[in-house]
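Look at the model first.

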Amino acid sequence: MNMHLTRRDMLRAAGSLAAASMWPAGATADEAAENDDDSFYFFQLADTQFFWGDDPVGKWRSAIAQAKRLRPDFVVVCGDLINRNGDAAKVDLEEDERRTRAYLDGAAQLDASIPLRNVAGNHDVCNVPTPETLAWYEKRFGPTWYAFTHKTAQFVVLESDLIKNPQGAPEAAERQLDWLKKTLATKMPDTVRQRIVFMHHPLCLKSLDEGEGYFLLPKERRAELAELFRRSGVKTVFSGHYHGNAVVRDGELEMVTTNGLAKTLRGDPLGFRIVRVSAEGVEHKFYAHEEVPEELTV
Ligand SMILES: [Zn+2]
């Protein structure tokens, strides 16, 4: 029995059966594509941050269990996977391995058909990343910056500590920026309608011209990135780090910050976000752990 059949799925199934008669002879490929619902869902989590907060292990396992039940196309964790010391000189290697194992043990419960996409945060690669902290992360969690395409969207994952504090690894910071510019300058395939960015630090929490702060990218970098994103079809930026929820819209660009999975600093309920992507755009809703819906919806 398919527990995840939504109204859209049913419409889609009905559409496939009736497709030959529904699409008049001579309909263009574009018109046909509009009739085909190729939307999909993913879960966006932030700051699993093992072992900080209120039962992070239990909440991580619960989110994974929800993903197994609801079957989004993938799960992304927007940084601070573990609670490594932000100061590279003070890291506790033994404790960091224990935190890493707990995170990966929970992740291993996910079906192989639901990929987990990791994003690095300041408690994974330290506030001022160095070649050593970046290599440490990559060996355990995968690349620090990368892109992937899924159905109608291209996803771009950034290592935002290198953007905020490039001084500890200036070469890596430059390589990432060059890669980002090249990636965004590449024309999107016809099937791809939008780009979506994941990074740990929010671009902003109120408006692009707000002041500086620990929780934000520096103002100058923020403006450069927002401009680059706007020019290249990026519609939404998803972040964490703030331990609270915030949504800012600036023209076509939406910047979405999601509360921590197990620790809030703003009084928001603990939970995660469900995101729906379609050819028309991105919709999302934050759900408290105890209010995750019966079926995928936003
Ligand atoms: Zn953080």
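This is a predicted model: local features need pLDDT of at least 70, side-chain atom pairs count only at pLDDT 80 or more; totals for chains, interfaces and linings use all residues.

Residues are numbered from 1 along each chain as its sequence is written.

**Sheet.** Six strands form an open sheet with mixed pairing, ordered β4-β5-β6-β7-β9-β8. β4 (146-150) and β8 are the edge strands; each has a single partner, so one side of each lacks a neighbour in the sheet. Strands are DSSP runs of E, at least two residues; helices are runs of H or I, at least four; both are numbered from the N terminus. Two strands pair if DSSP finds at least two bridges between them. β4 and β5 (residues 153-157) pair in the antiparallel sense over five bridges. His150 has Ala153 in β5 as its bridge partner.

**Two residues.** His241 sits in the loop between β7 (234-239) and β8 (246-250). Leu104 lies in helix α4 (residues 93-107). By C-beta atoms placed from the backbone, a residue is buried if 20 or more others lie within 10 Å of its own, exposed if 12 or fewer, and partly exposed in between.

| Residue | Class | Other C-beta atoms within 10 Å |
|---|---|---|
| His241 | buried | 27 atoms |
| Leu104 | partly exposed | 15 atoms |

His241 and Asn122 are 119 residues apart in sequence, yet 8.4 Å apart in space, C-alpha to C-alpha. Leu104 and Phe141 are 37 residues apart in sequence and 8.5 Å apart in space, again C-alpha to C-alpha.
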